[in-house]
Amino acid sequence: MPHLVKISLLFICLMTPVFQANAQSTVNPEDLADTLQSIRKGLTTSLYQDGKKLSYQELLELYKHTPQGLEPLKWSRPLRIAGPVVALGGIALGAVALKGEQRWAYLESGDYYYTYRSKPKLLGGLILLAGGLCLFELSNDLVTRSGNAYNKAYLAKKLMSDAKVGITPSGGIGIVASF
């Protein structure tokens, strides 16, 4: 019996992605035309509207009317610059650590020359490299969050623009919203 359960669970897990969910959407395709799409190409994430890549200035202009995405966008800009700088600093520090410095010691048989490589410098370089890459990825994540916040606020405004104050279908006074 347990073997049969394992096989059926495996079958369900493998077949689930094949079937599509048929949920009703309350959003019309016309409402989605002005939303932002975040697309990752290579190392950077960009926001697109109607298939057109938006520059930073265009996004600032767009966010004047819907400011929810402005804060993550403003944070992403300096992190996108600081990330590679920190990572390059880590690479340079690691290279200096691996190159090492020439030292010598006097032994009974004569002078002994050797290369001293600093492990703390190497560790610091690796930490800076990892930190720089994390800052860069955080920058990409903030750009995506910015677009998602804008879309959420934009769709909420768009859907609530159909709300009317007046007499409800049940005969009471209130807000009538159709989705």
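**Core and surface**

Modeller: The largest nonpolar core has 11 residues in all: Leu 36, Leu 47, Leu 54, Leu 59, Leu 62, Tyr 63, Leu 73, Val 143, Tyr 150, Tyr 154 and Leu 155. A nonpolar core here is a set of buried Ala, Val, Leu, Ile, Met, Phe, Trp, Tyr and Cys residues joined through side-chain atoms within 4.5 Å. This is a predicted model, where local features need pLDDT of at least 70, side-chain atom pairs count only at pLDDT 80 or more, and totals for chains, interfaces and linings use all residues. Residues are numbered from 1 along each chain as its sequence is written, and side-chain values use heavy atoms, with hydrogens and water left out.

Colleague: Which helix gives the most to this core?
Modeller: α4, with four residues. Both α2 (56–62) and α4 (119–160) supply at least two each; helices are DSSP runs of H or I, at least four residues, and strands are E runs of at least two, numbered from the N terminus.

Colleague: Is Gln 49 buried or exposed?
Modeller: Gln 49 counts as buried because its relative accessible area is 17%; buried means under 20%, exposed over 50%, partly exposed in between (1.4 Å probe, protein chains only). Gln 49 sits in strand β2 (residues 44–49).

Colleague: What is Gln 49 in contact with?
Modeller: Beyond neighbours within four places in sequence, its contacts (heavy atoms within 4.5 Å) are Asp 34, Thr 35, Leu 36, Leu 54, Leu 62 and Tyr 150.

Colleague: New topic: where is Trp 104?
Modeller: Trp 104 is in strand β4 (residues 101–107), and it counts as exposed because its relative accessibility is 52%.
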